[in-house]
Amino acid sequence: MTKKHDIFITEVALRDGSHAISHQFTVEQVLKVTKALDEAKVPYIEVSHGDGLAGSSLQYGLSLTNEFDLIEAAVSACEYSKISALLLPGIGTLQELKQAARLGIKMARIATHVTEADVSAQHISLSKELGLETVGFLMMSHMAPVEKLVEQAKLMESYGADIVYVVDSAGALLPFEVRERISALRQNLSVEIGFHGHNNLSLAMANTLVAIEEGATRIDGSIRCLGAGAGNTQTEVLVAVLERLGIQTGINVYKMMDLAEEVVAHILQKPQEIDRDSLVLGYAGVYSSFILHAQKAANHFGIDSRDILIKLGELKVVGGQEDMIVDIAAGISEKKLLSK
Ligand SMILES: CC[C@H](O)CC(=O)C(=O)O
Ligand SMILES: [Mn+2]
């Protein structure tokens, strides 16, 4: 493989990483990180609240800075990179998509639960009308059998998506499961396929490589693992690994290492590692963005956050049901009191 880009990487730290720092990004941070990513020639950089456009709310967590100010700053810092925004229909609306397009985003990623692609039709078609590169982003992909995933991906393709992503929101997929999913999408769709992993079971890199082997050409990463849970596939490591494999990303690995070490490491509230809570996310198949919500509820009720996460996994709670975290914590606490 010798052409300039074999794989197109989207850096998601300024969106997925928003979960890890309770949505506290500042304009200065976004400017600095985006400028450096642009200089490193990262093709796509995603900027929005962790839960996508209009995510700032009591339910999902209030942003420190209006995300449109962050998007505007990111667009202004780029000469090379394209800015992307995530939108979950029902949280974000057509209005926010139009506003982000006016500010200069070039790609929109429309995200739904893996069985709910039908709610993305309007948003995908508006995104195309606005001239944006448009991605269908099927979250919690471990929760659907392969045939269902294919059916849902085909719906997104039929609405006009240019790319469809398998999103391992919980970091729960095992390499063979990624292989069968990407391979099935490659066989049944004509559009490009992408993969977004989380490192809760320490499998993000392995899963990403399997996805690429099966023909995924769009890959997400977060620099220094600045993403929800244990973070995503670590971008600077991925770029180095792909270079060793002779797969071109067009990204300068030294510049990425410097940015990771000198800037992003200081944005993280604590170094990213697979601790007991992030491990349980992958083990129990729970949305990575639930981790801080569960820890907060555990502190409040004086219970083990792992018990909350395990219950969330058993109940198959999905994005948008964050209010259930407190209900579940209250139930566990009451049970504990009664058993004394
Ligand atoms: C809540 C949106 C979510 O963070 C999107 C994403 O990155 C994922 O599902 O992994
Ligand atoms: Mn994610």
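Modeller: A residue counts as buried if 20 or more other C-beta atoms lie within 10 Å of its own, as exposed if 12 or fewer do, and as partly exposed in between. Bear in mind that this is a predicted model.

Start with L155. L155 sits in helix α6. That helix spans residues 146-159. L155 has 20 other C-beta atoms within 10 Å, so it is buried. The cut-off itself is 20 or more. Leaving out residues up to four places away in sequence, L155 touches A117 and D118. L226 is another matter. L155 and L226 are 71 residues apart along the chain, and their C-alpha atoms are separated by 31 Å.

Now step back along the chain from α6. The loop between β5 (133-139) and α6 holds M140. M140 is not a glycine, yet its phi is positive, about 55°. M140 has 22 C-beta neighbours inside 10 Å, so it counts as buried. M139 is among the residues that come nearest to ligand 1.

That brings us to the ligand. By class, the shell has four nonpolar, seven polar and two charged residues. The shell takes at least three residues from each of domain 1 (8-266) and domain 2 (276-339).

So much for the shell; now the two domains. Their centres, taken over C-alpha atoms, are 25 Å apart. Contact between them involves 23 residues of domain 1 and 17 residues of domain 2. On the domain 1 side, the touching residues divide into 10 nonpolar, 12 polar and one charged.

Next, a second residue with a positive phi. S202 is not a glycine either, and its phi is about 60°. S202 lies in the loop between β7 (192-196) and α8 (204-213). S202 has 13 C-beta neighbours inside 10 Å, so it counts as partly exposed.

Helix α2 gives another view of burial. α2 covers residues 27-39, which makes 13 residues. From its first C-alpha to its last it reaches 18 Å, close to the 18 Å expected at 1.5 Å a residue. Its buried residues are Q29, V30, V33, T34, A36 and L37. Seen down the axis of α2, these fall within an arc of 165°, so they line one face of the helix. The cover over them includes β1 (8-11), β2 (44-46), α3 (67-77) and α10 (253-267). After α2 comes K41, with a positive phi near 70°.

Helix α10 leads on to the next stop. K270 lies in the loop between α10 and α11. With 7 C-beta neighbours inside 10 Å, K270 counts as exposed. K270 and K154 are 116 residues apart in sequence and 40 Å apart in space, C-alpha to C-alpha.

Past that loop, take the helices in turn. Helix α11 covers 276-284 and helix α12 covers 291-301. In α12 the buried residues are I291, L292, H293, A294, A297, A298 and F301. What covers them includes α1 (16-20), α11, α13 and α14. Just after α12, G302 takes a positive phi of about 65°.

Helix α13 spans residues 305-314, and its buried residues are S305, I308, L309, K311, L312 and G313. These pack against α11, α12 and α14. K316 follows α13 and has a positive phi, near 55°.

Finish in α14. This helix runs over residues 323-338 and contains S333. S333 has 18 other C-beta atoms within 10 Å, so it is partly exposed. Neighbours within four places aside, S333 is in contact with F301 and I303. F301 is one of the buried residues of α12. I303 is 30 residues from S333 along the chain, but their C-alpha atoms are separated by 6.6 Å.

L155 is buried with 20 other C-beta atoms within 10 Å, while S333 is partly exposed with 18.

Definitions and conventions:
Residues are numbered from 1 along each chain as its sequence is written. Chains are lettered from A and ligands numbered from 1 in the order in which they are written. This is a predicted model: local features need pLDDT of at least 70, side-chain atom pairs count only at pLDDT 80 or more; totals for chains, interfaces and linings use all residues. Helices (H or I, at least four residues) and strands (E, at least two) are DSSP runs, numbered from the N terminus. The expected span of a helix is 1.5 Å times one less than its number of residues. The arc is that of the directions from the helix axis to the C-beta atoms. Two residues are in contact if their C-beta atoms, placed from the backbone, lie within 7 Å. A residue is near a molecule or strand if its C-beta atom, placed from the backbone, lies within 6 Å of it. Ala, Val, Leu, Ile, Met, Phe, Trp, Tyr, Cys and Pro count as nonpolar, Asp, Glu, Lys and Arg as charged, and the others, Gly among them, as polar. Domain bounds come from an automatic or database domain assignment.
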